[in-house]
Amino acid sequence: MNMPTIQYKCPSCGGSLEFDPAKQNFSCEFCLSRFTEDELKAAFPQNEQHPLDKEDEPAASADSEDFTGHTSLYSCPNCGAEIMSEDTTAATFCYYCHGPVILSGRLSGKYRPSRVIPFKHNKESAVESFKKWRAKKWFVPDDFKSGAQLEKITGVYLPFWLADCDVDAAMTAIGKHIRTWTSGDYRYTHTREYEVRRRAELSFRGIPADASSKTDDRLMEAIEPFDYNELRDFSMSYLSGFLAEKFDVEKEDVFPRIRSRADKACEQALRESIVGYTSVHAVEPTTQYDKVDWRYMLLPVWLLIYKHREKNYFFAMNGQTGKMVGIPPLSIPKMLIASGIIGVAAFLITFLGGLLL
Amino acid sequence: MRKIFTRLLLTLAAISVLFAMPLTVSAEAGRVFDQSGVLTSEEVLALEAELEQLAVQTGWNLALVTTDDAQGKNTRDYADDFYDELYGIDTNGVVYLIDFDNRQSTISTSGEAIDYLTDSRIEDVLTTIDPYLAEQSYSQAMSSFISGVSRYYIAGIPEGQHRVSEEDVRRNTLLIALAVGAVAMGISVLVIVGRYKFHSVPNAATYLDQGETLFLERSDNFLREYTTSVKIESNSNSGGGSSTHTSSGGGTHGGGSHSF
C-alpha cells in the first residue's frame, strides 16, 4: 500500500516549488516564478488537512516483510519511482529525480504539528556561517580547515515538544549576617542567623525538548532559543525543499529533561530573592508541577556531520537565528605548541623580572 | 762611687729611651686609606683614633677608603677586593669606601660582621651618612660610619638572623619562574581543551515568564545570634637578614651601597 505524498508543483510550468528562506516565499526551480504562502494555499487547498484527521499511517504489518523494521515504501509524485524512507521521515527528496516530496501521511492526526518556524537562513547562509565559525577556531587540524564537506549541510525541520509549566516551588535556607572586628589582641565575630523561606508560583512558556531519537538532545538545547514570535500555523508547503522528521519520543519521555531544566531555573529564581546576607546556605527546592500544556512543532535546523579520523563531529545551526553550535576536532600538536609558547613567555617574564628586583 | 753613678746614669738613660718611644700609630694599624686626598691630616689622625677604639671594641679588621679610580670595577667589587687583599678572605671586619669614580659609597662586611650588620642596619647607617656626603663633609661621614658600626655591634646579632646569598636568590628565582611557566602552560592547555568540549547548557530561565512569578511566601525569621573570639597571634619581627655575595677572591661579603 502506498503512502500518500504531496509535491507542490508550479502552476506556471509544473516544476517543483521550494520554500526560499531568504525571500520567505516559494520559488520554482525551472521558471523562477515566485508565490507567496497565501497564493499557494489558494492554489492547493486540498493539501491542507484538518488537524482532527485520523492518522493515515499504514499498519505496521503491511511493511513487515521489509528487511529493516524502520522503512516503508512511497512513490514519488514526480517520477513515480518507488523509494525507501525511514519511519520518521516526513519530508525528503526523491532519490532519482531529486524532486522534493512531502509524506503527508506522516504529518496527520497526532503527528500534525500545530505550528512551525520556517527557515530564515538558506543553504548559502548556513555554509557561510559555518566557514566563519570554523575560521575562528585556531586549534583545528589543517585538513579540517579546508574540507569540502560543507556542501553536505542539510536543512531539516526537527520535531520538538514545547512545554508550558506552572510550578509551585518552595525553598528554605539559613541566612547569616556576619560582622567582624578587632579589639586588643582578639578578633571578634558576631553572627545573626535567620531562617529563610521562599515559595513561589513560577510560569514557564515554551521549554523545548528534542522529540527525535536521532538527534543529540544536548546539541539541540545548545542552539536554543528560537524566537516563538515567528511561529506560523503549520502548512506542509514550508517543508518543500527541506527534510523533515516526525517525533518518535513521546512527551512523557521528554518531560524528565524539561523538568530538570525548570527545577534549576526555579532554584535560581528563589535563590535570587534572598538578599542582604553575608552568607546563605540553601537547600534544593521542592517543586510541584501543577499544570503542563504541550505543543508539538517543527523547528528549522541546519545539520552537518563531519567525519575526521574515524570520529564523527556534529554541528548544528539554528535555522531561524543562525546560532551555531558544534565541537570541532582539536589538533593536539597545535594546542601543545601554543601552550608551550605561553609557558615559555611566562617563565621568561618571571625570571627576568625576579632578577631585576 | 763612680760605678754607682754610671749605673744610675745608664738606668736613667734606658728609662728615658723607653719614655722617648714615639706615640705615633704603628704602621700595621693604619686603617685610613685616603687615596683621593679629601681628608686633612688632623682628620686622618682623629679617624685613626676612633678606628682604634672600634677595633678594640669589636676585634674586627677595619678600613676607611677613598678612591678616584675604581680600576674598572664597580664600587662593590672594589671594596670587596680591597678588604680581601688587605685582611684576607672571610676574616671578621668591615670596610667603608667612598668611590668618586662611580660616585657611590659602600659598606662591605666580612666574617661575623655580616651577621651584625644586616641589610636594614646597613641601610640605616648609609642613610645617616648621606647628608654628610651631600655637603662633602667626608670626615664626618666616616665618623658617622664608625659610630653606626659601634652602635650595632653593641646591639648584638639580631634574633632570627639569617643570610641570603645572591646565588640562592638566583636559583630560587629560576625555580619560581619554571613553576610559573609550567602553571601557565597547564592553564593554557586546560582552557583550550575546554573550549573544544561540549558544555552543559543554561537552565530554562529564558523561558520563565518573570511577570507571572507570584511569591506565596517570603519570610526571614530571626533565629539566634552569637559572638566568638579568637586570639590574634602576634608575629615577631625577625632580624631582616643579610644578603651575601661572593667576591672575586672567593670571600663571602655582605653590605650595601648608596649613590651620592
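Two strands are said to pair when DSSP finds at least two bridges between them. Strand E2 (residues 25-28) of chain A and E3(A) pair in the antiparallel sense, over 2 bridges. Within this pairing, Ser27(A) has Arg34(A) of E3(A) as its bridge partner. The two strands belong to an open sheet of 3 strands in chain A, ordered E1-E2-E3 and with antiparallel pairing. Its edges are formed by strand E1 (17-20) and strand E3 (34-35) of chain A; each has a single partner strand, so one side of each lacks a neighbour in the sheet.

The mean pLDDT of chain A is 84, and 90% of its residues reach 70 or more. Over residues 50-69 of chain A, however, pLDDT stays under 50, and the model has 26 contacts beyond four places in sequence for that stretch. Where pLDDT is low, the predicted coordinates should not be read in detail.

Two points of backbone geometry in chain A may also be noted. Glu224(A) and Pro225(A) are joined by a cis peptide bond, with omega about 0°. Pro225(A) lies in the loop between helix H4 (217-222) and strand E11 (232-233) of chain A. His98(A), although not a glycine, has a positive phi of about 60°. This residue, His98(A), is placed in the loop between strand E6 (89-93) and strand E7 (100-102) of chain A.

Chain B contains an open sheet of 7 strands with mixed pairing, in the order E1-E2-E3-E4-E8-E7-E5. Strand E1 (32-34) and strand E5 (163-165) of chain B stand at the edges; each has a single partner strand, so one side of each is left without a neighbour in the sheet. From one strand to the next, the twist averages 25°.

Helix H6 (residues 138-155) of chain B touches E2, strand E3 (93-99) and strand E4 (104-110) of chain B, and its direction makes about 155° with that of E3(B). H7(B) touches E5 and strand E7 (242-246) of chain B, and its direction makes about 65° with that of E5(B).

H6(B) also has a helical neighbour. The axes of helix H2 (residues 41-58) of chain B and H6(B) come within 10 Å and cross at roughly 10°. Angles under 35 degrees count as roughly parallel, and H2(B) and H6(B) are therefore roughly parallel to each other. Among the residues making the contact are Leu47(B), Leu51(B) and Leu54(B) of H2(B), together with Met142(B), Ile146(B) and Val149(B) of H6(B). By class, this contact has 8 nonpolar, 5 polar and 2 charged residues.

The last packing to consider joins the two chains. Helix H6 (residues 332-356) of chain A packs with helix H7 (residues 166-195) of chain B at an angle of about 150°, their axes being 7 Å apart. This angle makes H6(A) roughly antiparallel to H7(B). The crossing of H6(A) and H7(B) is right-handed. The residues of their contact divide into 17 nonpolar, 8 polar and 1 charged.

How values were computed
Residues numbered from 1 in each chain as written. Chains lettered and ligands numbered in written order. Predicted model: local features only at pLDDT ≥ 70, side-chain atom pairs only at ≥ 80, totals over all residues. Heavy atoms only, no water. Axes fitted to C-alpha atoms, helices over the stretch in contact; angles between N-to-C directions. Helix = DSSP H or I, 4+ residues; strand = E, 2+ residues; numbered from the N terminus. Parallel < 35°, antiparallel > 145°, perpendicular 65-115°, else oblique. Left-handed = near helix turned anticlockwise from the far one by under 90°. Nonpolar A, V, L, I, M, F, W, Y, C, P; charged D, E, K, R; others polar. pLDDT = per-residue confidence, 0-100. Contact = heavy atoms within 4.5 Å.
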